[in-house]
Amino acid sequence: MTKMDNFEIRFWGVCGSHPMPGSTKRRHGGNTSCVEISVNNHTIILDAGTGIIPLGKELVKRANQESKPVEAVLLLSHYHHDHTQGFPFFSPAYITGSKLWVMGPELDRMSPQAVLEDIMRPPYFPVRLGDLNAALHIETLNEKDQILLGEEVGGLSIQHYGDPEPLATPDTTRITFLESTRHPGDVLVYRISWRGASVVYASDMENYPEGDQRLISFARGADVLIHDAQYTDAHYLGQEPGQPNTQGYGHSSASMACKVAHSAQVKKLALFHHAPEYDDAGLDQIAAEAKALFPETVIAYEGLTIRVGKQGDEMVRSPNC
């Protein structure tokens, strides 16, 4: 097994806005946003929607099998409910010995620390953030910062703009950010890079027909672009019977995501953050239409695993997803 085999994406929650259980979404899943990145023996979690609940149970299971504590970096894109509602039920946070770094932007003058304290307090929730047993390290990120992961930088290092460059090597995992106003209240886009391969996570982005040039530049050449594709074009434009016009809601259509992928010359596009009212058949149709625009498109579903930098990278859903 080569080093590159340790750079994988796994989707645990792919639904936007709110969870949607039921038989019509059995194949794609109804949990809200959560993506696991396994890279060079590091676990990076993107957002804490309800998908983080089964992920947490899996991380505890793996840790028990390996006789070591859970260690993970949780990166929050923003603080809407569908990206945070699973955190109070994230089982590693309750286990002594777990080490969790939780990071996100300051939005509406609220740090990630303040947001999580609000989420986890009565009358909204019976357990307070300060009562969790895990070792929590909560940090606020700025667009000009970057995160470095690897033994050569002491495990985890947040490098601020103007800081001297640490002694990074090709084995250092590098995480950079793009702050975007293309969603109400703003959002942080992440790029995770290792050994020349990279994944860009652009959830909750409204790209408009012309495409977001800052995002296109940020995502250029990425191996995988995970992009918001909540609506069909007809739904977005208010032409779908029974559905509102969603222009200005802060979400893209699949065709917008395809345009960004094409302009940024990425290798693969993963459509993400599906409208909860769309069933499996509707998502299959979106996927087929997107493939006609950008052939290297997959539609994200719970359990989908993508091996970054490898050929034939799609894997079947795990039977327990």
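Predicted model: local features only at pLDDT ≥ 70, side-chain atom pairs only at ≥ 80, totals over all residues.
Colleague: Which residue is joined to proline 123 by a cis peptide bond?

Modeller: First the general idea. Most peptide bonds are trans, and most residues other than glycine have a negative phi. Here, a cis peptide bond links proline 122 to proline 123, with omega about 5°.

Colleague: Now phi. Where does serine 17 lie, and what is its phi?

Modeller: Serine 17 belongs to the loop between β1 (7–13) and β2 (34–39). Its phi is positive, about 75°, although serine 17 is not a glycine. Serine 17 is partly exposed, at 36% relative accessible area.

Colleague: And glutamine 265: is that residue buried or exposed?

Modeller: Glutamine 265 is exposed, with a relative accessible area of 58%; the cut-off for exposed is over 50%. Glutamine 265 is in the loop between α6 and β13. Its phi is positive too, near 55°, and it is not a glycine.

Colleague: On to helices. How many residues does α7 have, and what does it span?

Modeller: Compare the span with the expected value. Helix α7 (residues 280–293) has 14 residues. From first C-alpha to last it reaches 20 Å, close to the 20 Å expected at 1.5 Å a residue.

Colleague: Which residues of α7 are buried?

Modeller: Asp280, Leu283, Ile286, Ala287 and Ala290. Viewed down the axis of α7, these buried residues fall within an arc of 115°, so they line one face of the helix. On the other side, Ala281 and Ala292 are exposed.

Colleague: What do the buried residues of α7 pack against?

Modeller: Their partners are α6 (254–264), β13 (268–272) and β14 (297–299).

Notes:
Residues numbered from 1 in each chain as written. Heavy atoms only, no water. Helix = DSSP H or I, 4+ residues; strand = E, 2+ residues; numbered from the N terminus. Expected span 1.5 Å × (residues − 1). Buried < 20%, exposed > 50% of the residue type's maximum accessible area, 1.4 Å probe, protein only. Arc of directions from axis to C-beta. Contact = heavy atoms within 4.5 Å.
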